[in-house]
Amino acid sequence: VWEYTNTNSFKHPIIGILMRKIQMAEEKNNNFISQEELARKWFSPEVYNMHICTYILDHTWHRPRDMVRLILAAQSKNSRNHSSFNQNTFETCMQVYSQQCLIEVREEMRALYSADEIESIINCFRGFKTVFSYEEISTRISQLFPGSKLENNKVTVLNDLYRIGVIGNYLNNRTSTQWEYKG
């Protein structure tokens, strides 16, 4: 269980993985600094008006593999000019991170759907609303994908998409962030 409700700080186990990786790189360069100094050097206190650890954890869905993906995206060519994790770093790397997340979602969907079905499902949600009702998505499916597996097995497909993490993952500052593996 990676979702700890008692902390969204540098003490969180997933953030600890990131901190340890940075600390090992620092030590390899003969820089021996404390955890507090490491946090000050490598992380801005806030991103988009929230504690940086909360931001990172929420945007990686509290999953270690997504943390690794975020780190790799931050190291991508678009973000190489940044020397710490700050708002500019995230603004630069989030497109790469999102593309990599979609690749993983497609991989997970391959166990359930054909390549054509996956494309139809993804295309159904492209350009659609972030928040929608069952009736709204049903109407969209009926209009754009009549007779498809998406329309004929709508509830099953929507349940699969929720379980995989394609839908139901909405970050909202006014309410608690929830998704299947967090609440």
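**Aromatic pairs, cysteines and a helix-start proline**

Pro13 is partly exposed, at 27% relative accessibility. The model is a predicted one. Pro13 lies in helix α1, which covers residues 13-28. His62 is 49 residues away from Pro13 in sequence. In space, the C-alpha atoms of Pro13 and His62 are 9.7 Å apart.

Aromatic contacts were examined next. A pair of aromatic rings is described by the distance of the centres and the angle of the planes. The count of aromatic pairs comes to seven. Phe125 and Phe132 form an aromatic pair. Phe125 has 15% relative accessibility and counts as buried. Phe132 has a relative accessible area of 24% and is partly exposed.

One aromatic cluster is formed by Phe10, Phe43, Tyr48, Tyr55, Phe85 and Phe90. Both phenylalanine and tyrosine residues take part in this cluster.

Cysteines were then considered. The number of disulfides is zero. A disulfide would require two cysteine sulfur atoms within 2.5 Å. Cys93 is buried, and its relative accessible area is 0%. Cys124 also counts as buried, at 0% relative accessibility.

Methods
Residues numbered from 1 in each chain as written. Predicted model: local features only at pLDDT ≥ 70, side-chain atom pairs only at ≥ 80, totals over all residues. Heavy atoms only, no water. Phe/Tyr/Trp six-rings, centres within 6.5 Å; stacked < 30°, edge-to-face > 60°. Buried < 20%, exposed > 50% of the residue type's maximum accessible area, 1.4 Å probe, protein only. Helix = DSSP H or I, 4+ residues; strand = E, 2+ residues; numbered from the N terminus.
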